[in-house]
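These are my notebook entries on one protein chain. I record what I looked up, entry by entry.

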Amino acid sequence: MARIPFGVSRFDGQIGGGAPEGSVVLLAGGAGAGAREFLYTSAVFNGLRETDPDLFDLHYGSLAPDAVPPDEVHYVSFSASGDDVHREISFTMEEEIVEAGLDGVTFQDLSPEYFQLSPVPREWYVGEHRTITDLGTGEERRTVIRAFADYLDEHAVDSLVVVDSLTDIVGDDRGERSWADVVYLLKGLRKVTRQWGGLVLLHLSRNAVTDEQFGELMSCVDGTVQFDWETGGNERVRTMFIQEFRGVLGQLEEEDIIRFETEIHEAGFDVSNVRKIH
């Protein structure tokens, strides 16, 4: 089975080059534990491979034999602009890598659909006031889930799509989206991604859902990668582990790998150590 590289070199190397094509993967963790940084690194390095092969080779190295890079890289945000995301990634990674990598990433801002039924002033998320003409158009009447689905239908085939963030969709205190809508969205996404053949990464803040809800989300995707903080003595270490993952977990179990120690440096998210069963 062909693999789509995550863009995290040492992790890709441990799992045969990346995720099986046609996968939907949930990246879940607490604040600062590494889930969002993993997402940023995945987008930037998959973009960098196309825009600056020398810089990619310097910081990532060579792709595994079974790795097939995505045709395109898409970054979908529900509540942030492209400039906001660029700035946030620049806080995490070296500017040269970010600039070159994001040149290979297409950004899609779904703020208009996400905020349209909220009390947030329109000019805050689209930069202009609503006019009488706007009120007569159906452009903004799409739900955010419909807008998201339309974008994927057009762009997701053989692509890497990183979604920032599923937390925005599940954290709906106003009742505009039911929990069932979120579950059906993921189940449908998992089914159609098998046909598209690419890779979809969904970021989730772990504390945004209950244990029961998290278990339900896990059952709707192909793989779940969890990011945690561990404290021992005077040290605080970021760790990552695979709870379940079609085509990946079995390989890690064969090699007795139970957890990855991780770090964040100028080239983004990385694996610093591998823990095995002894």
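Before turning to helices, I note how axes are taken: they are lines fitted to C-alpha atoms, for helices over the stretch in contact, and angles run from 0 to 180 degrees between N-to-C directions. Helices (H or I, at least four residues) and strands (E, at least two) are DSSP runs, numbered from the N terminus.

I am working with a predicted model, in which local features need pLDDT of at least 70 and side-chain atom pairs count only at pLDDT 80 or more, while totals for chains, interfaces and linings use all residues. Residues are numbered from 1 along each chain as its sequence is written, and side-chain values use heavy atoms, with hydrogens and water left out.

Entry 1, a helix pair. I looked up helix α9 (residues 144-155) and helix α11 (residues 179-196), whose axes come within 12 Å and cross at roughly 5 degrees. For the contact (heavy atoms within 4.5 Å), I list Ile-145, Phe-148, Leu-152 and Asp-153 from α9, and Asp-181, Leu-185, Leu-189 and Trp-196 from α11. I sorted these residues into six nonpolar, no polar and two charged. In this scheme, Ala, Val, Leu, Ile, Met, Phe, Trp, Tyr, Cys and Pro count as nonpolar, Asp, Glu, Lys and Arg as charged, and the others, Gly among them, as polar.

Entry 2, the sheet. I traced nine strands in an open sheet of mixed pairing, ordered β5-β4-β6-β7-β3-β8-β9-β10-β11; two strands pair if DSSP finds at least two bridges between them. The edges are β5 (105-109) and β11 (268-276), each with a single partner strand, so one side of each has no neighbour in the sheet. On average, neighbouring strands are turned by 25 degrees against each other, direction ignored.

Entry 3, strand β9. I found β8 (residues 223-232) and β9 paired in the antiparallel sense over 10 bridges. Three bridges join β9 (residues 235-245) to β10 (residues 257-265), also antiparallel. I followed Thr-239 to both sides: its bridge partner in β10 is Glu-261, and Asp-228 has Thr-239 as its partner in β9.

I located Ala-19 in strand β2 (residues 19-20). At 0% relative accessibility, I count Ala-19 as buried (under 20% relative accessible area; exposed is over 50%, partly exposed in between, with a 1.4 Å probe and protein chains only). Leaving aside neighbours within four places in sequence, I noted its contacts with Ala-2, Arg-3, Ile-4, Phe-6, Leu-199 and Phe-245.
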